[in-house]
Amino acid sequence: MKISFVGAGKVGFTLGKYFKLNGLNIEGFFSNNPDSAIAASDFIGCSYFSSLDDLVKNSEIIFITTNDDSIIEVWKKLKDLNIEGKIICHCSGSLSSEIFYDINNSGAYQYSIHPMYPFKDKYNSYKNFKTAYFSMEGHPKYFDYLKGLLESLGNSVLSIPKERKGEYHLANVMVSNLVLSLINIGVETLSNCGVDSETALKAMAPLINSNIENILSQSFENAITGPVVRGDVNTLNKHIESMNGDYKELYKKLSLNLLKISKNKNPEKDYSLAQRFLETI
Ligand SMILES: NC(=O)c1ccc[n+]([C@@H]2O[C@H](COP(=O)([O-])OP(=O)(O)OC[C@H]3O[C@@H](n4cnc5c(N)ncnc54)[C@H](OP(=O)(O)O)[C@@H]3O)[C@@H](O)[C@H]2O)c1
């Protein structure tokens, strides 16, 4: 099937390039700014369209890869065109395919297909994309076809019910954006000790990297280190005394979760002191 993209940004460029390199039939791009569509067509080796109507006439699968807030705007235009039989997808992690309201009246089929990957630029993100999972939900008619298509590229596909997309996206944000925020807070805290923030990040890199590698290669229980799992309440108290009050609640919630993991790791160990301390900070 001929695939086209509306929205020549980071995800459009990356999926277009990746799909094309893996033998899929990429027809072309339409974007708000024609220069973006032209740049995508040069990079990927496909056409660009100067109107949405041309794109629709020349495509069977249409990926809307605009920013989330513009998906509805594109859909309002698409639904006034002849889209009978077309497969319409968006790539938002938080929105479901229900954003394509009234689609049943148009004879088209709706999907949300979310690549679980941080696309940080247009020209390089395709290189390591084979490791990425997709999540998918949408109309049964082409569900298995699209899932098979993505799996044929070597990517795995999770099926997520549309009513769970809020929770699903939260999970993604927890392990990516919020980890970034936590690392930033750690670096700022080290900077308070007189280390410039560039050096602080370098100094913390082995802590960050080994921690993530241990979680991924082993388990949360095997990767856990630090005062909570040791039950060192005096050390926890010292942290609280040195802490900017803004982060106390965050520290408490995350440490109580560490306590849960610690108890799984050491079911025979008495964590009651640590538990009481953390609950009362
Ligand atoms: N970035 C990520 O890590 C990531 C990961 C997974 C999923 N996603 C999802 O993928 C989608 C795209 O994200 P992105 O990061 O690629 O965004 P992006 O880099 O901001 O690109 C979106 C592009 O869409 C174009 N656009 C905006 N409104 C439009 C309209 N009405 N009609 C046609 N084109 C329009 C703009 O291009 P011009 O103005 O240049 O034409 C803009 O550059 C979003 O739904 C996002 O939630 C993103």
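The largest cavity in this predicted model has a volume of about 30 Å³. A cavity here is a set of points, on a 1 Å grid over the protein atoms alone, where a 1.4 Å probe fits but cannot get out; the volume is the space filled by probe spheres set on the points, which are joined across faces, edges and corners. Residues are numbered from 1 along each chain as its sequence is written. Local features need pLDDT of at least 70 and side-chain atom pairs count only at pLDDT 80 or more, while totals for chains, interfaces and linings use all residues, and side-chain values use heavy atoms, with hydrogens and water left out.

The structure holds 1 cavity of 30 Å³ or more. Its lining (residues with an atom within 4 Å of a point) consists of Ile3, Phe19, Leu24, Phe63, Ile113, Leu146, Leu149 and Leu150. Helix 5, residues 140-152, supplies the largest share of this lining, 3 residues. Helices are DSSP runs of H or I with at least four residues, strands are runs of E with at least two, and both are numbered from the N terminus. By class, the lining has 8 nonpolar residues, no polar and no charged ones; Ala, Val, Leu, Ile, Met, Phe, Trp, Tyr, Cys and Pro count as nonpolar, Asp, Glu, Lys and Arg as charged, and the others, Gly among them, as polar.

On the surface, Leu170, Met174, Val175 and Leu178 form a nonpolar patch with about 380 Å² of accessible area together. Such a patch joins nonpolar side chains (Val, Leu, Ile, Met, Phe, Trp, Tyr) within 5 Å, from residues with over 30% relative accessible area and no salt bridge; areas come from the Shrake-Rupley method with a 1.4 Å probe. Helix 6, residues 165-175, gives the largest share of the patch, 3 residues. Met174 lies in helix 6 and is partly exposed because its relative accessibility is 44%, buried being under 20%, exposed over 50% and partly exposed in between.

Side chains of opposite charge can pair when their charged atoms come close. The structure holds 8 salt bridges, each a side-chain nitrogen of Lys or Arg within 4 Å of a carboxyl oxygen of Asp or Glu. One of them joins Lys162 and Glu98 at 4.0 Å, N to O. This pair links distant parts of the chain, 64 residues apart: Lys162 is in the loop between strand 8 (156-159) and helix 6, Glu98 in the loop between strand 5 (87-90) and strand 6 (109-116). Lys162 is partly exposed at 36%, whereas Glu98, at 55%, is exposed.

Arg164 pairs with Glu167, the closest N and O atoms being 2.7 Å apart.

Methods
On a 1 Å grid over the protein atoms alone, a cavity is a set of points where a 1.4 Å probe fits but cannot get out, and a pocket is an open set with protein on both sides within 12 Å along at least five of seven lines; lining residues have an atom within 4 Å of a point. Patches are made of residues with over 30% relative accessible area and no salt bridge: like charges are joined within 9 Å, nonpolar side chains (Val, Leu, Ile, Met, Phe, Trp, Tyr) within 5 Å. Buried means under 20% relative accessible area, exposed over 50%, partly exposed in between (1.4 Å probe, protein chains only).
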